[in-house]
Amino acid sequence: MSYGRGDTLMNNITDLPSFCAPPVDEVAIAVQFQGIDRFSLAYGTFYESVRERLPEFEEHDPIAIQFETFGRPRDQLPEFSLEAFSLRRGWYVSADGHKVVQLQPNRLVQNWRRQSGVGEYPRFPAVLTEFWNSFEALESVTRGLGLAMPEINQADVTYFNNIELFEGETYPEAFQRVFEWPSVGGLSGEANGFRLEPEACNLSFRARVFAPDAEAPCARLVATAEPSETEDGKKIVRFWLRFRGPPTHIDRDGLERFLLVGRVAIVKSFTDLTSKVCHTLWQRER
Amino acid sequence: MPSDASGTVLEHTRLGLSSPFSAGAQRLWSESWASLSRNEWLRGVRNRLKVLTELPAGWDGYGAPRISVETTLFALQILQDLWARRLPTPDISAMSSGGIMIEWESHGHELTIEIHGPYATRFLFERAGSDEEEVGTAGSDISQLQSYVAELARPVVVAAAA
């Protein structure tokens with residue numbers, strides 16, 4: 001199947017920043033859709049259809065449904081949710097553990113992830129191809145079982161980056177290095193005889209995304225960086241960026257364009273927010 | 001009965017859930033909303049939405065579909081976005097079409113929001129002292145609804161005695 005306009009957009013992205021050694025730890029492409037009745041029938045049949053490339057199966061708690069809405073800018077407030085509904089989330093995992101498809105009655109997620117810091121990021125187009133393979137498998141399964149077809153109401157792209165701290169580096173020092181925050185260093189100085197020593201920091205950034213000439217936003221970009229540790233105890237800055245919203249056109253072409261715009265927004269924001277020192281470290285090539 | 005621009009009647013058979021309290025407590029409840037914190041306000045609407053999700057298909061005796069989880073969660077998202085200090089707790093009811101109706105009446109204004117699914121919202125606003133009704137639809141952009149809510153939630157100004 002060809003996604004003509006999307007292919008064109010993909011080929012036209014020549015000015016997108018690119019790194020030879022990006023700190024990407026995980027990428028997720030997801031769609032949320034109207035819950036499909038009798039979906040429990042689909043888990044096994046879906047497994048049969050993807051078993052060759054995703055032979056492992058795990059069961060997890062469901063991902064909560066969320067919607068991006070836009071109005072006047074407001075403070076970030078804690079979200080309320082209904083208690084979990086009786087949903088299951090299946091994980092279908094490749095033999096090497098790098099590819100994961102997550103499936104529940106209202107959501108399909110295609111992941112690529114490093115495993116214990118190992119694995120070369122195959123780049124977004126490869127993850128997108130895997131996503132379409134999984135989505136087509138889901139459509140085929142629901143059609144075959146006589147279930148409703150997925151009606152997409154939201155889509156998102158997320159990049160998770162693990163940025164390792166240098167030997168002996170503190171988290172505030174790492175944030176200063178990664179994000180070039182001059183004020184963090186400034187706080188280390190003296191203030192009327194009192195010494196200020198940064199001890200914790202994080203970054204949270206939200207932006208509404210507008211299509212050219214549009215008055216209403218079409219998506220929201222959220223970026224968050226916080227101190228964290230890898231499973232083997234390495235100190236890292238966990239920096240993730242998510243682009244999410246309701247695709248204007250929910251046909252394949254429209255959805256692919258939405259996902260590609262999300263990728264562009266994330267990569268450009270990542271580059272704008274991080275320092276040139278780190279770009280050199282990550283071997284920026286463009 | 002009000003109708004929207006397309007002539008569709010903006011009113012449906014519905015199951016009223018106007019208050020979680022007994023009739024005797026109704027007056028006290030309606031007077032207390034002004035002092036509710038955001039969490040208390042949202043806890044109240046969330047509990048009422050949960051009741052709607054438990055309605056069986058055909059709850060109205062005429063084959064009404066169940067209200068979907070997505071519609072309920074979208075309604076909750078809208079209510080979170082619209083919350084404002086002094087905004088009364090809305091009446092929330094199920095619609096025979098499978099949607100959710102949210103209604104406020106405050107300062108003589110009336111706002112009705114119908115949620116038919118994610119990003120599928122219709123609204124009707126009747127301003128106090130005006131014969132004109134404002135009817136429209138909203139997708140992900142709810143700024144118009146926020147404007148109406150600001151009118152519903154404005155503080156009461158009491159004129160000083162001469």
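Me: What covers the buried residues of α3(A)?

Reply: In this predicted model, the cover includes β1 (24–33), α2 (40–50), β4 (99–104), β5 (107–113) and α6 (252–273) of chain A.

Me: Which residues of α3(A) are buried?

Reply: Start with the general idea: an α-helix has 3.6 residues a turn, so residues three or four places apart point the same way. Now the case here. The buried residues of α3(A) are A:Phe124, A:Val127, A:Leu128, A:Glu130, A:Phe131, A:Ser134, A:Ala137, A:Leu138, A:Val141 and A:Thr142.

Me: How many residues does helix α3 of chain A have, and what span does it reach?

Reply: Helix α3 covers residues 124–145 of chain A, which is 22 residues. From the first C-alpha to the last, α3 reaches 32 Å, close to the 32 Å expected at 1.5 Å a residue.

Me: Which residue follows α3(A)?

Reply: A:Gly146 follows, with a positive phi near 75°.

Me: Where are the domains of chain A?

Reply: Domain 1 is made of 1–10 + 163–286, and domain 2 of 35–67 + 86–150. Their C-alpha centres lie 26 Å apart. In the contact between them, 6 residues of domain 1 meet 5 residues of domain 2. On the domain 1 side, the touching residues are 2 nonpolar, 1 polar and 3 charged.

Me: In chain B, how many bridges join strand β2 to strand β3?

Reply: There are 4 bridges between β2 (residues 91–95) and β3 (residues 100–106) of chain B, and the strands run antiparallel. B:Ile92, for example, has B:Ile102 in β3(B) as its bridge partner. The hairpin of β2(B) and β3(B) has 4 residues between the strands, and B:Gly98 takes a positive phi near 100° in this hairpin.

How values were computed:
Residues are numbered from 1 along each chain as its sequence is written. Chains are lettered from A and ligands numbered from 1 in the order in which they are written. This is a predicted model: local features need pLDDT of at least 70, side-chain atom pairs count only at pLDDT 80 or more; totals for chains, interfaces and linings use all residues. Two strands pair if DSSP finds at least two bridges between them. Helices (H or I, at least four residues) and strands (E, at least two) are DSSP runs, numbered from the N terminus. Domain bounds come from an automatic or database domain assignment. Two residues are in contact if their C-beta atoms, placed from the backbone, lie within 7 Å. Ala, Val, Leu, Ile, Met, Phe, Trp, Tyr, Cys and Pro count as nonpolar, Asp, Glu, Lys and Arg as charged, and the others, Gly among them, as polar. The expected span of a helix is 1.5 Å times one less than its number of residues. A residue is buried if 20 or more other C-beta atoms lie within 10 Å of its own, exposed if 12 or fewer, and partly exposed in between; C-beta atoms are placed from the backbone.
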